[in-house]
Amino acid sequence: MATETKVKVITAKIGTDDHYRGITAVTQALRDAGMEVVFLGTGQRVDSVIATAAQEDAQVIGLSFLCGGHLPVMRRFMNALSEQGLGSIPVVVGGTIPPQDVPRLKELGVAGVFIPGTSLSEITGFVRSIARGTG
Amino acid sequence: MSIDRERVRQQYREAATDTTTDSGLPLKPVYTAEDAEGIDLGLPGEFPFTRGHHSRMYQGKLWNIRQITGLSTPREYNRRLHMEIAEGAGALTYHVDELADYGLEPDQPTAEGMIGVTGVTSNHLGDVKAALEGLPLDEVSLCPACTSPLISQAILLAARHHGYDISQLRLVHGSFVMWLPMCYRSLTEVTFANGRISSLGKWGLDYCEYILRQLPKVNIWYFDGASVHEGGGSAVQEMAFIIACRDDLLRQMTERGLEPALVARALSPTVALGRDFFENIAKIRALRHLWATTLSEGFGISDPRALALRVHGNVVGSLCTRQQSQVNLSRVAIAALSGVLAGVMGMQLACYDEAFATPTEEAVRLAIRTQQVLRYETGTAQVADPLGGSFFMEHLTSQMEEEARALLADMEARGGWLALLENGWVHEVMRQRSWEMQQQVESGERVVVGVNRFTTPPEQDPPPPIFSPDEEEVAHYLQEYRSFREGRDLQPVRAFLEALGAAAQKGDHLVEPVGRAMEAGATFAEIVGTLRLADGLEYDWAGERRPPSNGH
């Protein structure tokens, strides 16, 4: 058995979409699975999420979308993340993402995309497996 | 193929194990006369209105078929509305995208990918005029859904422009001012700023007052019970919130000198129709009783038009799963039947592709057809309150009312609706319950067919056709919008926006100054920004734009 290290995750919703039910459930599930999670809330901006991720030395970033806009927001987010030299932090996206957009998000470098109906244990398992600096 | 004998045996012997309602009320195997003792039922159309708001119910008027609609550009949306009317809808909604909700311009960075996605994009008065082209606004009932009165007020101006006497419009004003912070935590300034009602909130209340005084035919949809449900709240919480919010709105309006009965007469909430069939019905019956008795006890109202609650039922989107999406058609039809048996006065059905994107035209047609099957084929739409007198239904109805009354008293003791809305209590109790429910889905205790039982592999479960806004149409819209904005005379726009800002700072009535700015060509984002500035907030929600006087 490896020694227990607490995985640190940042969760947030970026932009105008306030459908928080999914992200708060995922946040709670990650905490219950023993991870340290900073939930920044809804209505966040790209820069503020990245700044917090740097400050908190996050090992995973989790973002959620319901109302569209996920492709342009994630394009800006992934670019800004690598510009800041933080491209090695894996990013996970969840929410009401139309199926045709899942491969597009992965092309942008998103590590995992979870659409409605995914179990929380699947998400927590995935987040643990990709956490930066563990594995 | 080998058969697992043990599994067959279990399938044969399986019994119902869930012995509580969706709100957690206990269920017995059978109910008798003892369970329904001492219940004063009355008749439909009579106090206490448990059995319905009208003596003849659907033999007097069937419920409105009102599908929630908003997509793409004003032109595309107008085409969808014409299709809905052609398919048999008598009532419409005007659901905007999030740009108008947050006061954003369609060409600022944050708006990218959002135009026309969750509603029709509407960014100035001209868009609303285009959206309503050719619709009979004095015959069809139209209900705008936007966080501020932007769309509702623009509809009045557009209707005047189209030649209507606005006192004859069948408008239902969607008023979000009294409840939005319950679910929009990043937009609480629609209601509050600096620890009191914000300028945006004051405009929302001013507009309600304006309607109540000037347009007595217009009703006000003042609270969204479906948002309680979709945020994870229980049926009992939904009932209590509907009443607590109404009471605070009544107080706000009576402080402005309006008669309580005149206000209550115009108010109507939407109510969630979720997965628990009997609880849906009992909730609406109990709510009618609670509505009438609390108005009578608390406000001394005796006008039956105020005491008779009319509700619009919303068969909620969260019923719909991404897995095996056609099954959603069955779920939605069953929930819609509960709405009919409860006597709703209007109904919108989630479409079977709801878990993927904005519904396609085909999915909307199926939802309308489902309502028509209920209306004409099932024999369920003739007799008022057909479950009235059922031992179980009466017991559940009075039990739910009792629970809701207890919660109402608790909320009152904690400071009442607006206080609990501002301090986040309302939001937090919903979030807690939503977490509990998610846990029950995870553990399998709460069965969702196709999700945690009776699943099929994803490769055998292809998604339905999915809607996305026509990108060329959106690009064309943006071009037109830009040339409108660049071609307008900025001098009067600035002057009317300044007047609006000054009125907000003085605490003046805001309906007229907003209307003048709209007519002068101010964009919706500029109007929202001006009211934000008046409260000392950043002009642009996303921090990307400056007021027009400082250049675009």
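This is a predicted model: local features need pLDDT of at least 70, side-chain atom pairs count only at pLDDT 80 or more; totals for chains, interfaces and linings use all residues.
Chain B contains 20 helices and ten strands. Its radius of gyration is 24 Å, close to the 24 Å given by the globule rule for 552 residues, so chain B is as compact as a globular protein of that length. The C-alpha trace of chain B extends over about 80 × 65 × 40 Å along its principal axes. Of the 552 residues in chain B, 51% are buried.

Six strands of chain B form an open sheet with parallel pairing, in the order E1-E10-E9-E8-E7-E4. Strand E1 (64-65) and strand E4 (172-174) of chain B are the edge strands, and each pairs on one side only. Within this sheet, strand E9 (residues 312-315) of chain B is joined to strand E8 (residues 267-273) of chain B by four bridges, and the two run parallel. Four bridges also connect E9(B) to strand E10 (residues 346-349) of chain B, again in the parallel sense. Asn314(B) takes part in the pairing on both sides: it is the bridge partner of Ala272(B), and it stands opposite Gln348(B) in E10(B). In a regular strand, side chains alternate between the two faces of the sheet. In E9(B), His312(B) and Asn314(B) point one way, whereas Gly313(B) and Val315(B) point the other way. All four of these residues are buried.

Helix packing in chain B is illustrated by one pair. Two packed helices are described by the angle between their axes and the distance between the axes. Helix H8 (residues 235-255) of chain B packs against helix H14 (residues 391-413) of chain B at an angle of about 55°, with the axes 8 Å apart. That angle makes H8(B) oblique to H14(B). The crossing of H8(B) past H14(B) is right-handed. On the H8(B) side, the residues that meet H14(B) are Ala235(B), Val236(B), Gln237(B), Met239(B), Ala240(B), Ile243(B) and Ala244(B). Their counterparts in H14(B) are Met400(B), Glu403(B), Ala404(B), Leu407(B), Leu408(B) and Met411(B).

Chain A has an open sheet of five strands in the order E2-E1-E3-E4-E5, with parallel pairing. Strand E2 (36-39) and strand E5 (112-114) of chain A stand at the edges with a single partner strand each, so one side of each is left without a neighbour in the sheet. From one strand to the next, the twist averages 20°. Strand E4 (residues 91-95) of chain A pairs with E5(A) in the parallel sense over three bridges. In this pairing, Val92(A) stands opposite Gly112(A) in E5(A). Helix H2 (residues 46-56) of chain A packs on the sheet and touches strand E1 (8-12), E2 and strand E3 (60-65) of chain A. The direction of H2(A) makes about 165° with that of E1(A).

The contact between the chains involves 27 residues from chain A and 31 residues from chain B. On the side of chain A that touches chain B, at least two residues each come from helix H1 (21-32), helix H3 (70-83) and helix H5 (120-130) of chain A. H1(A) gives the most to this side, with four residues.

Key: Residues are numbered from 1 along each chain as its sequence is written. Chains are lettered from A and ligands numbered from 1 in the order in which they are written. Two strands pair if DSSP finds at least two bridges between them. The radius of gyration is taken over C-alpha atoms; the globule rule is 2.2 Å times the number of residues to the power 0.38. A residue is buried if 20 or more other C-beta atoms lie within 10 Å of its own, exposed if 12 or fewer, and partly exposed in between; C-beta atoms are placed from the backbone. Axes are lines fitted to C-alpha atoms, for helices over the stretch in contact, and angles run from 0 to 180 degrees between N-to-C directions. Angles under 35 degrees count as roughly parallel, over 145 as roughly antiparallel, 65 to 115 as roughly perpendicular and the rest as oblique. A crossing is left-handed if the near helix is turned anticlockwise from the far one by less than a right angle, and right-handed if clockwise. Two residues are in contact if their C-beta atoms, placed from the backbone, lie within 7 Å.
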